[in-house]
Amino acid sequence: MDFSFRYTAEDFTAELPAADYIARFRDADRIGGYCRSCPNYGRSWGCPPFGFDMEKYLSGYATALITATKITPEESGIPISQADRLIRPERQRLEAKLLGMERRFKGRSFAYVGTCLYCPDGSCTRPGGKPCRHPELVRPSLEACGFDIGKTTAELFGIELQWSADGCLPAYLTLVCGFFHNADCSYPAKSVLGDSGITCQKQ
């Protein structure tokens, strides 16, 4: 079957005190266990273990801006092997905005779990003990910092995560990123929303 890979992408945002988000949605021991069982653990600069104190890394910010992107393909039965063709354009769009927000508001962004966008697959320098080629671009995901993404999407956005079945993509995919900051709440949210008609929800 020839898939055109047409899809719709909706962004949903929630802003809440960073301390509340950490208290309600971070389960470092349990989520860290999932990371340790992943083959990427310690083999990608976007994945744990990290060479910094995580508690300090997350502290000092007043507000957590969380964005969930719901990607709904128009066709059904798309092989799971083709997921990157839907996910990558949205990751590129949102990671560029996150980095722009960092530059403008001096906050801390959290990108996406999975393959790094900035080096070809299998070429990360970490397994060889060398520094990251793109430290100005690579950011850890919320999952890598111990946050429960399933709970995040369910409680903040009313979106239940879906998983592949029979080797095909589910009805929709969900990406979650974040930005911790001390700026006026309205400005970072507008930076993520842009002019693309995104649905906004606030917690």
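How many cavities of 30 Å³ or more does the structure hold? Before looking inside, keep in mind that this is a predicted model. The answer is one, and the largest cavity has a volume of about 30 Å³.

Let's see what surrounds that space. The lining of the largest cavity is made by Glu-95, Leu-98, Leu-99, Ser-109, Ala-111, Tyr-118, Leu-137 and Arg-139. Sorted by class, these are five nonpolar residues, one polar and two charged. Helix H4, which spans residues 84-105, gives the most to this lining, with three residues.

Now find Val-138, in the loop between strand E3 (108-110) and H5. Is Val-138 buried or exposed? Its relative accessible area is 16%, and because buried means under 20%, Val-138 counts as buried. Apart from its neighbours within four places in sequence, Val-138 is in contact with Trp-45, Gly-46, Cys-116, Tyr-118 and Cys-132.

Finally, turn to helix H1, residues 18-25, where Ala-18, Tyr-21 and Phe-25 are buried. Viewed down the axis of H1, its buried residues fall within an arc of 65 degrees, so they line one face of the helix. An α-helix has 3.6 residues a turn, so residues three or four places apart point the same way. The face of H1 turned away from its buried side carries the exposed residues Ala-19 and Ala-23. The cover over the buried residues of H1 includes strands E1 (7-17), E2 (63-73) and E4 (173-181), along with helix H5 (149-157).

Key: Residues are numbered from 1 along each chain as its sequence is written. This is a predicted model: local features need pLDDT of at least 70, side-chain atom pairs count only at pLDDT 80 or more; totals for chains, interfaces and linings use all residues. Side-chain values use heavy atoms; hydrogens and water are left out. Buried means under 20% relative accessible area, exposed over 50%, partly exposed in between (1.4 Å probe, protein chains only). Helices (H or I, at least four residues) and strands (E, at least two) are DSSP runs, numbered from the N terminus. The arc is that of the directions from the helix axis to the C-beta atoms. Contact means heavy atoms within 4.5 Å. On a 1 Å grid over the protein atoms alone, a cavity is a set of points where a 1.4 Å probe fits but cannot get out, and a pocket is an open set with protein on both sides within 12 Å along at least five of seven lines; lining residues have an atom within 4 Å of a point. Grid points are joined across faces, edges and corners, and a volume is the space filled by probe spheres set on the points. Ala, Val, Leu, Ile, Met, Phe, Trp, Tyr, Cys and Pro count as nonpolar, Asp, Glu, Lys and Arg as charged, and the others, Gly among them, as polar.
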